[in-house]
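Here is a friendly note to read with the model open beside you. Take the points one at a time and find each residue as you go.

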Amino acid sequence: MTDEVLDRVPILDLRPDIDRQWDELTEAINEVLRSGRFILGPNVSAFEEEMAAYLGVDHAIGVNSGTDAVTIGLRALGVRPGDEVITTPFTFFATPESISSVGATPVFVDIDPDTFNLDVAAVAAAIGERTKAIVPVHLFGLACDMEAIERIATEHDLLVVEDVAQAMGGEYHGARLGSLGDVGAFSFFPSKNLGGFGDGGLIATDDGRVAELARALRAHGGKATYANEMLGYNSRLDELQAAVLRVRLRHLDDANRRRRAAAARYSELLRDVPGVRIPIEPPGARHVYHQYTVRVPPEERDGLRARLAAGGIDTMVYYPTPCHRLPVYAASSPTLPAAEEAARSVLSLPMGPSIDDETIGRVVRGLR
């Protein structure tokens, strides 16, 4: 490696926490290898129990990705072709893709420019005769206004599927995110707050019927082997990933504490930088900073990114094109000015549980 490569600040460095957990991780992996059981084994069952206890829900069902968690969650709740599902355009494509893949229509509504999450007034205004569900996304690790969303859902008899892909361990008025809706959908992609060593996901629910159906759907639509009752998916969380995730779950709260400390340091140093708008944490929401995302003047963002990159500092734009402007949806979607403005102005800075004050200071000096 060159000095330049060694000196680069990545958007996320997973290696320090892997090193910290190395002995636990290798012991867990080796036990799985010695067991010869790799699909729906004891680690999957134990991880599901541990996640249910952590979240405070009755049921947790491991699946093979966050995308499948949303998809199977929607199907298990009874969302079908012809239904409409309200969601945010300012999210990764997997959220509306999951809605479309069950045959429903995503209805995009604008976001709150301060939180990047769903504008609850826009949600209420978008409800129509075909509306079946709402999919709030707790973006960047910050809870949506779930009290208002649940109130709207109750009033209109709608289902709620929380997309918690970026907010594992986050809270809303003391409750774990993913435990508030009818279903919580989680991703364990390696970069997530609780990340595995490959793809993985999980469905959380208090509804036993939904849990039973989700377990069948993840295994080709059969509640028993060779007794397939519906078209399902091959979407089982594998045993190796479950073993890794069990280890990493034990360290999650500490990792999120360190993320919050890093975010506090960023905010302290950036608070008085002209043109930089730092993230907020509304009362009752415990942000877990999957990303530390600021706003900068849109006309300056690309140049700023280039100058930071030249100085060895990586940044990311999540997301450069809101979902309603992607080719697959653009023909039938409205203008959503807050989401479109966010796409032009957001900039995510290096973040992770192991980022230190020296590195944060270097990033801030680059921004200044």
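1. Start with Glu84, which stands opposite Thr131 in β4. Helices (H or I, at least four residues) and strands (E, at least two) are DSSP runs numbered from the N terminus. This is a predicted model, in which local features need pLDDT of at least 70, side-chain atom pairs count only at pLDDT 80 or more, and totals for chains, interfaces and linings use all residues. Residues are numbered from 1 along each chain as its sequence is written, and side-chain values use heavy atoms, leaving out hydrogens and water.

2. Strand β2 (residues 84-87) runs parallel to β4 (residues 131-135), joined by four bridges; strands pair if DSSP finds at least two bridges between them. Four bridges also link β2 with β3 (residues 105-108), again in the parallel sense. There, Ile86 has Val107 as its bridge partner.

3. Which residues cover the two faces of β2? Glu84 and Ile86 lie on one side, Val85 and Thr87 on the other, and all are buried (under 20% relative accessible area, 1.4 Å probe, protein chains only).

4. Now move to Arg295, in strand β11 (residues 292-295). Arg295 is buried yet has no salt bridge (a side-chain nitrogen of Lys or Arg within 4 Å of a carboxyl oxygen of Asp or Glu). The nearest side chain of opposite charge, Glu341, is 4.9 Å away; Lys and Arg count as positive, Asp and Glu as negative, and His and the chain ends are not counted.

5. What does the side chain of Arg295 reach? It comes to 3.1 Å from the backbone oxygen of Pro113.

Key:
Buried < 20%, exposed > 50% of the residue type's maximum accessible area, 1.4 Å probe, protein only. Polar contact = N/O pair within 3.5 Å; in protein donor to acceptor, adjacent residues only side chain to side chain.
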